[in-house]
Amino acid sequence: MTERLVIIQPDDWHLHLRDGAALASVAPFTARRFRRAVVMPNLRPPVTNTEQALAYRQRILDALPRDTSFDPLMTLYLTDNTSPKVISEAAACEHVVGVKLYPAGATTNSDFGVTRLDKTEPALEQMAALGMPLLVHGEVTDKTDVFEREKRFIDSVLAPLAQRHPQLKIVLEHITTSDAVAFVNTGRPGLAATVTPQHLLMNRNDLFAGGVRPHHFCLPVLKHERHREAVMEAATSGSARFFLGTDSAPHARSSKETACGCAGIFSAHAGIELYAEAFEQAGRLEQLQKFASENGPDFYGLPRNTDTITLVREPWQVPVSYPFLDNDPLVPLRSGETISWRLENPRHD
Ligand code: DOR
Ligand code: ZN
């Protein structure tokens, strides 16, 4: 049995860092593990141009020690009004790596999102021309059954969009179904997907294990076991089209443990360790480096990292909560439970 695993330092290709005090409390968890992270733009108000993205990037760096080697990769939030000029400015900036499509109303802070896809055509054309990837929250926002929204989105929105823009690089974020796996596996070049730890390690039973479990609620929601198996198979297969994106999405306890709780699971405290556990479960630990450290930079056309990290098989107990906002802590994934892999000598950023 493998007891120690040395891999190239990973990157997180889908992350929510928030802003202000929340940002300061969560950013170090990611910076200790990952060299880079693609930072989602769904702040209030959202990050919609390069100037805002660079200001946000600076706030992230200011929340970390001065000598941090962490490199936040920024994204813009696509709206009905995003102009080709906004796209060219973003493409010319080395710190902006993608543009995020949130269908309006699909998830947390998506109310400024796209209401009519046809309005975004000029921006999408410009992105395709300049090699700027489109990062997609892939769920329809109509009355479709919540467990069917990803499939419906792929069939009715994403497949036609990918065909209309054959040169556009597309990342289908946080995939949850065998339908998404099939779409990415069999689709044209330039399609890829991120996979979260929760969608590898849990299925929809975990939403109701012993009672309703608000800390297991995220969007897209956990799915049937057969979908989890398909996503696990894809992530651990060695295919270059799947890579790590935690979608770590912190919300204070009071907004999770309430009558109408927010979507989002915080996993940055164990952002690589949880994947080691998942890959071990699948008997594919040897594929972790490809998924966590190679496929992402290759897709984005960025260099792979040169440092390494060491994971050891040594169970550790996750704190019940971490400090977050004043008197309103953060409940992490596996709160009070154990994780079977530990990061050796994490950077103390
Ligand atoms: O569960 C989620 N939380 N899904 C998303 O798409 C957004 C995220 C958040 O920002 O909290
Ligand atoms: Zn997300």
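**Exercise 1. A strand and its cover**

How many of the five residues of strand S8 (residues 191–195) are buried?

*Solution.* Keep in mind that this is a predicted model.
- Step 1: Set the cut-off: buried means under 20% relative accessible area.
- Step 2: Go through the strand with that cut-off: five of its five residues are buried, and S8 is mostly covered.
- Step 3: Look at each side in turn. Leu191, Ala193 and Val195 lie on one side, Ala192 and Thr194 on the other, and both faces are covered.

**Exercise 2. The zinc ion**

Which protein atoms are the donors of the zinc ion (ligand 2)?

*Solution.* 
- Step 1: List the donors: His14 (NE2), His16 (NE2) and Asp247 (OD), which lie 2.0 to 2.1 Å from the zinc ion.
- Step 2: Write their spacing in sequence, which is H-x1-H-x230-D.
- Step 3: His16 sits in the loop between strand S2 (12–15) and helix H1 (20–33), while Asp247 sits in the loop between S9 and helix H9 (253–256). The pair is 231 residues apart and links distant parts of the chain.
- Step 4: Check their cover. His16 counts as buried because its relative accessible area is 6%; Asp247 is buried too, at 6% relative accessibility.

**Exercise 3. Around ligand 1**

Which residues come nearest to ligand 1?

*Solution.* 
- Step 1: Of the 13 residues around ligand 1, the nearest are Arg18, Asn42, Thr107, Leu219 and His251.
- Step 2: Look for contacts with oxygen atoms of ligand 1. A backbone N or O atom of Leu219 lies 2.8 Å from one, and a backbone N or O atom of Gly264 lies 3.2 Å from one. A polar side-chain atom of His16 lies 3.3 Å from an oxygen atom of the ligand.
- Step 3: Finish with the cover: on its own, ligand 1 has 290 Å² of accessible area, and the protein covers 100% of it.

Notes. Residues are numbered from 1 along each chain as its sequence is written. Chains are lettered from A and ligands numbered from 1 in the order in which they are written. This is a predicted model: local features need pLDDT of at least 70, side-chain atom pairs count only at pLDDT 80 or more; totals for chains, interfaces and linings use all residues. Side-chain values use heavy atoms; hydrogens and water are left out. Buried means under 20% relative accessible area, exposed over 50%, partly exposed in between (1.4 Å probe, protein chains only). Helices (H or I, at least four residues) and strands (E, at least two) are DSSP runs, numbered from the N terminus. A residue is near a molecule or strand if one of its heavy atoms lies within 4 Å of it. A polar contact is a pair of N or O atoms within 3.5 Å; within protein, one must be able to donate a hydrogen and the other to accept it, and residues adjacent in sequence count only if both atoms are side-chain atoms. Accessible areas come from the Shrake-Rupley method with a 1.4 Å probe; for residues, only the protein chains shown count as cover. Donors are N, O and S atoms within 2.8 Å of the metal (3.2 Å for Na, K and Ca); water is not among the atoms, so sites may look incomplete.
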